[in-house]
Amino acid sequence: MTSCATPRPDAAAPDAPMRRGACPSLAKPMQTGDGLLVRLRPATRSLAPAELGALAVAAERFGNGILEVTARGNLQVRGLTPANVSGLASAIGEAGIAVAEGVAIETPPLAGIDTDEIIDPRPLAFALHEAIAALDPPLKLAPKLSIIIDGGGRFHLDDIIADLRLKALKTEDGVAWLLSLGGTAHAARPVALLDQREAVSGLLAVLRRLAAMGDAARGRDLDLEVAKSELVGRARPPAASILSAESAVPVAGLHTLADGAAVLGVGLAFAQADAASLTAFLRKVEELGATEIRLAPGHGLFLLGLDREAAAIAQRLAFSLGFRIAPDDPRNHIATCAGTGACASAMMETKAVARLMVEAAPELLDGSLTAHLSGCPKGCARPSSAELTLVGAPSGYALVVNGTASVAPSVYTDANGLKTALAHLGALVRKNKDAGESARSCLTRLGAARIAVAFEQG
Ligand code: SF4
């Protein structure tokens, strides 16, 4: 995969306003409330523990000492200044971390070793990346355009939004790729079933059509019939469903693959880790035998190479350092954006409110629903709908039930009433939940009006 270890920072970029929808790369950092932000997509999505450790050290030296893993499994360094972005770029180069360039092509975090996957999607992802890079003139595509190539498996990407998605399906004569447009796998519009040998050319044809619509066009903007017309003669009609039979397994936990290999999944608490804790953790897991770190959606890391005993030791260490290590950790079920102090648009200290929610309303966080805490209506942490979304507002906090951060809220509370409002939501579930019923089912049964009343009483 074409990569660039040390992109030369554009000296003018930090002062220039970012175009909406652009990506904050090393070459074009984004101005946020706590300085410049750089997002990195490692070319292989796999790092040695020492490489990630070097990045954590660089985040402390050049940024604010916080390293983030995004909801899509990318890395972010915050709190940079225009003068020290080049230092970060040099440190990344010296660490040997290759940074992916061009269109984001994403594969599941354990691609190639997930023994439940239908096919390893990485060769197709590589071939597509090479084919796109070889186009002359290059395609002018939306900066945030993303392509998911998903071979299935326990850690599939059905819940991740993509512009274009190729999902492996078993067919009578082997494996085919179902191409779909926009959204999560659940919401995506199926276009066609492509054989392995037609997958790259078929996807390129659709990408060309998108590029012809302008460099802001996204998968959701492409007419389904137009997309199908690009594939006449080289594709079959789409299958009825592209959803995996099972939901993706949560990253946090100690997993055993079908071949007996142990994989330790840890999550960053509210998407962030301080550099000192992460560095200490990585040094120790390397001593224990970890050979590879895979970045994972949901702000996670997979550690490979540990035997079961070493993985258990590493898991206990991760817990002591504040990482999420288990599927039932209530923090797994809260999505937060950067919040005040880190984003100029924020009207909520999202990480602090997340901690408050864990303390005041643990009943909500049984894993059946996602609570989304958004500093403003843009909803960066979760573009899709959530059962409960708390949005920062000029005069307090707004609650959206079953919607995105940008829809009209059901109810508001001021800052003083927030803890009580959250506690009332928790109590609503605790007092009304039937035996064995989930928080989500209980809230659905009670309805948005009852939820709003409970919150408002805060
Ligand atoms: S949702 Fe709003 S406050 Fe949060 S990171 Fe995005 S723009 Fe900033």
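**Close-up views of a predicted model**

**View 1. Who sits around the ligand?** The residues around the ligand are Cys337, Ala338, Cys343, Ser345, Ala346, Ser374, Gly375, Cys376, Lys378, Gly379 and Cys380; a residue is near a molecule if its C-beta atom, placed from the backbone, lies within 6 Å of it. That shell splits into 6 nonpolar, 4 polar and 1 charged. Here Ala, Val, Leu, Ile, Met, Phe, Trp, Tyr, Cys and Pro count as nonpolar, Asp, Glu, Lys and Arg as charged, and the others, Gly among them, as polar. Keep in mind that this is a predicted model, where local features need pLDDT of at least 70, side-chain atom pairs count only at pLDDT 80 or more, and totals for chains, interfaces and linings use all residues. Residues are numbered from 1 along each chain as its sequence is written.

View 2. Helix H8 covers residues 350-360, and its buried residues are Thr350, Lys351, Val353, Ala354, Met357, Val358 and Ala360. Buried means that 20 or more other C-beta atoms, placed from the backbone, lie within 10 Å of the residue's own. Helices (H or I, at least four residues) and strands (E, at least two) are DSSP runs, numbered from the N terminus. The buried residues of H8 pack against strands E18 (334-336), E19 (371-374) and E20 (386-393), plus helix H9 (418-432). Two residues are in contact if their C-beta atoms, placed from the backbone, lie within 7 Å.

**View 3. Inside the largest nonpolar core.** This core has 107 residues, and Leu55, Leu67 and Leu88 touch the most other members. A nonpolar core is a set of buried Ala, Val, Leu, Ile, Met, Phe, Trp, Tyr and Cys residues joined through C-beta atoms within 7 Å. Helix H1 (residues 49-62) supplies the largest share of this core, 7 residues. Zoom in on Leu67: leaving aside neighbours within four places in sequence, it is in contact with Leu55, Ala56, Ala59, Leu75, Val77, Ala273, Ala275 and Leu278. Another core, of 40 residues, lies apart from the largest one and includes Leu124, Ile132, Ile147 and Leu179.

View 4. The domain assignment, automatic or from a database, gives domain 1 (3-102 + 251-327), domain 2 (110-229) and domain 3 (332-456). The centres of domain 1 and domain 2, taken over C-alpha atoms, are 26 Å apart. Their contact takes 13 residues from domain 1 and 15 residues from domain 2. On the domain 1 side, the residues touching domain 2 are 8 nonpolar, 2 polar and 3 charged.

Methods. A residue is buried if 20 or more other C-beta atoms lie within 10 Å of its own, exposed if 12 or fewer, and partly exposed in between; C-beta atoms are placed from the backbone.
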